[in-house]
Amino acid sequence: MRRYCVLALAAVAAAGLGGCYETATPKMYEPGVYKGSQDSLGNKLDNEELDQQLSERFRTAAQDR
Amino acid sequence: MARMKFLCDAERCIECNACVTACKNENEVPWGVNRRRVITLNDGEPGEKSISVACMHCTDAPCAAVCPVDCFYTTTDGLVLHDKDLCIGCGYCFYACPFGAPQFPEETAFGVRGKMDKCTFCAGGPLEDNSNAEYEKYGANRIAQGKLPACAEMCATKALLAGDGDLVADIYRKRVMQRSGRPQTWGWQKAYGAGVS
């Protein structure tokens, strides 16, 4: 009888300890890589039209009249 | 794709501080923060030179290299911008920057400095373009509107040039040839490497 009690107690203890186990999945960050939100301007700058507009504006604004 | 650069022609800068005012006005920069400033070398002596200094949007930005939270990013045309939601105000970027560009809005107990603020080349930040949130946090986004930085557009003597590096270099080269002097591309080598463009 006593043996059964010890075995049951051991089983309960094992189940209890097993329940406390937590799977740790640490977040790994690559150093030197931007972590913030994306800038929508990044896509706009690929726009050829905007590029032309900025160049034209520069020519108008920076050249001596 | 253009590679945006700043260049201040020291022969033309008359220390009027219009660029500083234009920047403050355009971006509603708080008191104590100067995204741009005019520095005079050998002030009061014959041959003194003035230059307008702000973030030069370096090719290999040292601020980004030292940032412990990696809040800096470089746009496709070379603008070095940052995410204020990530910034912890540690000040490492300030120590790394050769131009003293990073600014901190607060100076309170325990060294709290607030989120870093710097010149954005009038390109805002990582929020919706030309939204109120972007304006409040980063200032104006003139680039998205097809305009160049207010400081350079406001410059009366056209000393401060901002735009595609090749175009800036072309104009400056012509000026140097006209006045037959030596080129003094102040800060260019440090910011963009050994080449002129």
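Among the elements that cover the buried residues of helix H1 of chain B are strand S3 (49–53), helix H5 (150–154) and strand S6 (160–164) of chain B, where helices (H or I, at least four residues) and strands (E, at least two) are DSSP runs, numbered from the N terminus. The model is a predicted one, in which local features need pLDDT of at least 70 and side-chain atom pairs count only at pLDDT 80 or more, while totals for chains, interfaces and linings use all residues. Residues are numbered from 1 along each chain as its sequence is written, and chains are lettered from A and ligands numbered from 1 in the order in which they are written.

Helix H1 of chain B spans residues 18–27, and its buried residues are B:Cys19, B:Ala22, B:Cys23, B:Lys24 and B:Asn27; a residue is buried if 20 or more other C-beta atoms lie within 10 Å of its own, exposed if 12 or fewer, and partly exposed in between, with C-beta atoms placed from the backbone. An α-helix has 3.6 residues a turn, so residues three or four places apart point the same way. After H1(B) comes B:Glu28, which has a positive phi, near 50°.

Strand S6(B) also takes part in the contact between the chains, to which chain B gives the largest share of its side, three residues, from S6(B). The contact takes 33 residues from chain B and 25 residues from chain A, two residues being in contact if their C-beta atoms, placed from the backbone, lie within 7 Å. On the side of chain B that touches chain A, strand S4 (72–74), S6 and helix H6 (165–179) of chain B are the elements that give two or more residues.

In the loop between strand S5 (80–82) and helix H3 (92–96) of chain B lies B:Asp85, which counts as partly exposed because it has 14 C-beta neighbours inside 10 Å.
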